[in-house]
Amino acid sequence: MTRASTQPAEPVSPRLRPVAAPAVEDEPEPRGPAAETHTPPPPQPGSDADVLARAQAGDHYAFAQLYSLHKRRIYSLCLRMVGNVAEAEDLTQEAFLQLHRKIATFRGDSAFSTWLHRLAINVVLMHLRKKGLSVISLDEAMEPTPEEGPGRSFGAPDLSLAGSIDRLALERAIADLPAGYRLIFVLHDIEGYEHNEIAAMLDCSIGNSKSQLHKARLKLRDAMRTVPRREGRR
Amino acid sequence: MTQDRYNMTCEEFQAQMPELIGSGEDAGSHPHVLNCALCRALLSDLETIAEAARQLFPVEDPPDHLWDQIESAIKQEHEPSRK
């Protein structure tokens with residue numbers, strides 16, 4: 001399961017260590033040698049596996065159930081990646097249309113939710129590439145500007161975040177990040193992908209991914225330090 | 001770039017931060033961090049942001065009409081083309 005699931009995030013220490021690859025939430029339990037010779041039991045009627053199987057067989061009602069089960073997660077992912085409600089709606093629609101076209105090809109090599117999540121990310125990335133967010137622009141975004149050099153924190157007033165962050169203010173600050181920064185921050189820090197996975201998805205180097213994530217966090221830090229404490233609106 | 005971990009400037013340390021953090025090393029135990037309040041505060045803030053991000057859940061539901069649009073698009077795709 002990725003970080004954006006409904007499960008609480010597990011404690012990570014030290015907190016800035018790369019998070020684990022998105023875990024597989026519906027992965028079949030490892031089976032012993034004896035179990036390998038047995039045919040798995042059919043899914044229980046009404047279970048997630050049953051809904052999936054029926055949707056794969058073309059049951060429209062089951063597909064609607066899948067939509068209900070996953071719409072929030074996919075829409076939230078799209079919204080965070082693009083930072084725009086109208087685009088997020090279009091991308092969510094496109095992701096579920098692609099799901100409908102491809103669902104029969106799902107073979108269960110990974111969890112369905114992981115597969116769908118990756119499909120949605122690909123839809124968003126395709127969209128962003130069409131809009132012109134290429135690796136080149138990602139690299140350009142990482143070039144230090146005079147105000148973003150590594151030493152920019154020098155002499156900064158000692159206004160620590162004091163270990164607490166308003167969630168809504170953070171959501172808004174993420175939405176305000178430049179597209180390249182936002183993409184990597186969302187994929188790494190929220191969705192739980194590792195730098196090598198992000199580099200593969202975005203066709204950039206692992207170093208670029210690390211650098212861009214760092215700059216995204218610096219930008220968020222600046223944004224959060226200027227948020228009035230009372231602020232909580234979105 | 002100076003590689004002496006014990007005699008780094010803040011600029012040198014901060015230039016190495018993306019790699020240091022991204023590699024999973026415990027940046028908090030770096031000699032420069034132990035001796036520099038500024039970089040320690042910076043690291044602490046970045047940790048706070050990363051931690052807060054991990055606790056963000058999907059909070060937004062798409063509008064109700066989105067399913068109607070998806071359903072309509074699916075029907076269109078499956079409709080036999082007419083001449």
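## About the model

This is a predicted model, in which local features need pLDDT of at least 70, side-chain atom pairs count only at pLDDT 80 or more, and totals for chains, interfaces and linings use all residues. Residues are numbered from 1 along each chain as its sequence is written, while chains are lettered from A and ligands numbered from 1 in the order in which they are written.

## Chain A overall

Let us start with the elements. Chain A has 9 helices and 0 strands, where helices (H or I, at least four residues) and strands (E, at least two) are DSSP runs numbered from the N terminus. Read from that end, the order is α-α-α-α-α-α-α-α-α.

Of the 234 residues in chain A, 37% are buried. A residue is buried if 20 or more other C-beta atoms lie within 10 Å of its own, exposed if 12 or fewer, and partly exposed in between, with C-beta atoms placed from the backbone. Two residues are in contact if these C-beta atoms lie within 7 Å. Among the contacts in chain A with a separation of 6 or more, 71% join residues 24 or more positions apart.

## Two domains

Chain A is assigned domain 1 (45–130) and domain 2 (135–145 + 159–225), with bounds that come from an automatic or database domain assignment. Taken over C-alpha atoms, the domain centres are 24 Å apart. Domain 1 puts 7 residues into the contact and domain 2 puts in 9.

On the domain 1 side, α2 and α4 (112–130) each supply at least two residues. That side has 5 nonpolar, 1 polar and 1 charged residues. In this scheme Ala, Val, Leu, Ile, Met, Phe, Trp, Tyr, Cys and Pro count as nonpolar, Asp, Glu, Lys and Arg as charged, and the others, Gly among them, as polar.

## The largest nonpolar core

A nonpolar core is a set of buried Ala, Val, Leu, Ile, Met, Phe, Trp, Tyr and Cys residues joined through C-beta atoms within 7 Å. The largest one here holds 65 residues, and Cys78(A), Ala120(A), Val124(A), Ile184(A), Phe185(A) and Ile49(B) touch the most other members. Helix α2 (residues 60–82) of chain A gives the most to this core, with 10 residues. Domain 1 and domain 2 of chain A each contribute at least three residues.

Beyond its neighbours within four places in sequence, Ala120(A) contacts Ile74(A), Leu77(A), Cys78(A) and Ala95(A).

## Helices packed against α9

Helix α7 (residues 179–190) and helix α9 (residues 206–225) of chain A pack at about 100°, with axes 8 Å apart. Axes are lines fitted to C-alpha atoms, for helices over the stretch in contact, and angles run from 0 to 180 degrees between N-to-C directions. The pair α7(A) and α9(A) is therefore roughly perpendicular; angles under 35 degrees count as roughly parallel, over 145 as roughly antiparallel, 65 to 115 as roughly perpendicular and the rest as oblique. The residues of α7(A) in this contact include Gly180(A), Ile184(A) and Phe185(A), and those of α9(A) include Leu213(A) and Ala216(A). By class, the contact has 5 nonpolar, 4 polar and 3 charged residues. Gly180(A) counts as buried because it has 24 C-beta neighbours inside 10 Å.

Helix α8 (residues 195–202) of chain A also packs on α9(A), at about 105° with axes 8 Å apart, so α8(A) is roughly perpendicular to α9(A). Here His195(A), Asn196(A), Ile198(A) and Ala199(A) meet Ile206(A), Ser209(A) and Lys210(A).
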